[in-house]
Amino acid sequence: MSVHEVTPAIDLGTLLPGAQFADAYRLEVDDRALNARQAAERTIARHPRWAEALIALRNILVAPFGLKTSGASTTAPREMVGIFPIVSERPDRLVAGFNDKHLDFRIVVDVATSGATQDVTLTTLVLTHNRLGRTYLAVIVPFHRLIVRSLLRQVAA
């Protein structure tokens, strides 16, 4: 099963008003009983070792700038999927993400029945706030694309 880049088919204004970056990737799977929570747990809740190493490096590099390394918060505990707080959830869509001083982002996991299979689409939205956010986004986009494709492949695994 292959992952394909697709045009984001979501309402940016509702999920992250003002977002300057949006991409989406889709995978067709045979599991018709899959819901958005299960798809999110198979993708964004677990990472391949090489992606974990990149995330660990990212956390070390951004620490001096005071950027968040997770959406976990002791002041307002929320349900999480992986390191991301869940913003909203219904059977066909899970939205996760958080806001930081350099950028806000949302990860949207959609599951839709397509004949005898289901399409799982992972959409990423980003709203940058300043030069640090724009620079950060420019640096991570190539890695983001590799990681998202790899994460989606885990749905079928």
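## Close-up views of a predicted model

**Figure 1. A hairpin of two residues joins S4 to S5.** This and the other views show a predicted model. Strand S4 covers residues 84-90, and its pairing with S5 is antiparallel, over four bridges. Within this pair, Glu89 stands opposite Leu94 of S5. Strand S5 itself spans residues 93-99 and is mostly covered, with six of its seven residues buried.

**Figure 2. Strand S5 also pairs with strand S6.** S6 takes in residues 103-114, and seven bridges link S5 and S6 in the antiparallel sense. Two of the facing positions can be picked out by residue. Ala96 has Ile107 of S6 as its bridge partner, and Arg93 stands opposite Asp110 in S6. In a regular strand, side chains alternate between the two faces of the sheet.

**Figure 3. Seven strands make up an open, antiparallel sheet.** Across the sheet the strands come in the order S1-S2-S7-S6-S5-S4-S3. S1 (4-6) and S3 (80-81) stand at the edges; each has a single partner strand, so one side of each is left without a neighbour in the sheet. Along the protein chain, from the N terminus on, the elements run β-α-β-α-α-β-β-β-β-β-α. That makes four helices and seven strands. Of the contacts in the protein chain with a separation of 6 or more, 63% are between residues 24 or more positions apart.

**Figure 4. Strand S2 pairs with both S1 and S7.** S1 and S2 are antiparallel and share three bridges. In this pair, the bridge partner of Glu5 is Tyr25 in S2. On S7, nine bridges are made with S2, again with the strands running antiparallel. Ala22 has Leu125 of S7 as its bridge partner. Strands of a sheet pair through backbone hydrogen bonds, either parallel or antiparallel.

**Figure 5. The largest nonpolar core has 32 residues.** Ile44, Val120 and Leu152 are the residues with the most contacts inside this core. The elements giving two or more residues to the core are strand S2 (21-29), helix H2 (36-43), S4, S5, S6, strand S7 (117-128) and H4. Of these, H4 gives the most, with eight residues. Another core, of eight residues, lies apart from the largest one; Ile10, Leu15, Leu125 and Leu127 are among its members. Over the protein chain of 157 residues, 45% count as buried.

**Figure 6. Surroundings of Val120, one of the residues with the most contacts inside the largest nonpolar core.** Neighbours within four places in sequence are left aside in this view. The remaining contacts of Val120 include Tyr25, Arg26, Leu27 and Val29.

**Figure 7. Helix H4 covers residues 131-156.** H4 has 26 residues and reaches 38 Å from its first C-alpha to its last, close to the 38 Å expected at 1.5 Å a residue. A bend of about 45 degrees occurs at Val141, and a proline, Pro142, follows within four residues. Asn130 caps the N-terminal end of H4, with a side-chain oxygen 3.2 Å from the backbone nitrogen of Leu132. An α-helix has 3.6 residues a turn, so residues three or four places apart point the same way.

**Figure 8. His129 sits in the loop between S7 and H4.** Is His129 buried or partly exposed? His129 counts as partly exposed because its relative accessible area is 37%, which lies between the cut-offs of 20% for buried and 50% for exposed. The side chain of His129 makes a polar contact, at 2.7 Å, with the side chain of Asp104. Asp100 is 29 residues away from His129 along the chain, and the C-alpha atoms of the two are separated by 8.9 Å. Beyond neighbours within four places in sequence, His129 is in contact with Asp100, Lys101, His102, Leu103, Asp104 and Arg134.

Methods:
Residues numbered from 1 in each chain as written. Predicted model: local features only at pLDDT ≥ 70, side-chain atom pairs only at ≥ 80, totals over all residues. Heavy atoms only, no water. Expected span 1.5 Å × (residues − 1). Bend = angle between axes of the 7 residues up to and from the residue. Polar contact = N/O pair within 3.5 Å; in protein donor to acceptor, adjacent residues only side chain to side chain. Buried < 20%, exposed > 50% of the residue type's maximum accessible area, 1.4 Å probe, protein only. Pairing = 2+ DSSP bridges. Core = buried A, V, L, I, M, F, W, Y, C linked by side-chain atoms within 4.5 Å. Contact = heavy atoms within 4.5 Å.
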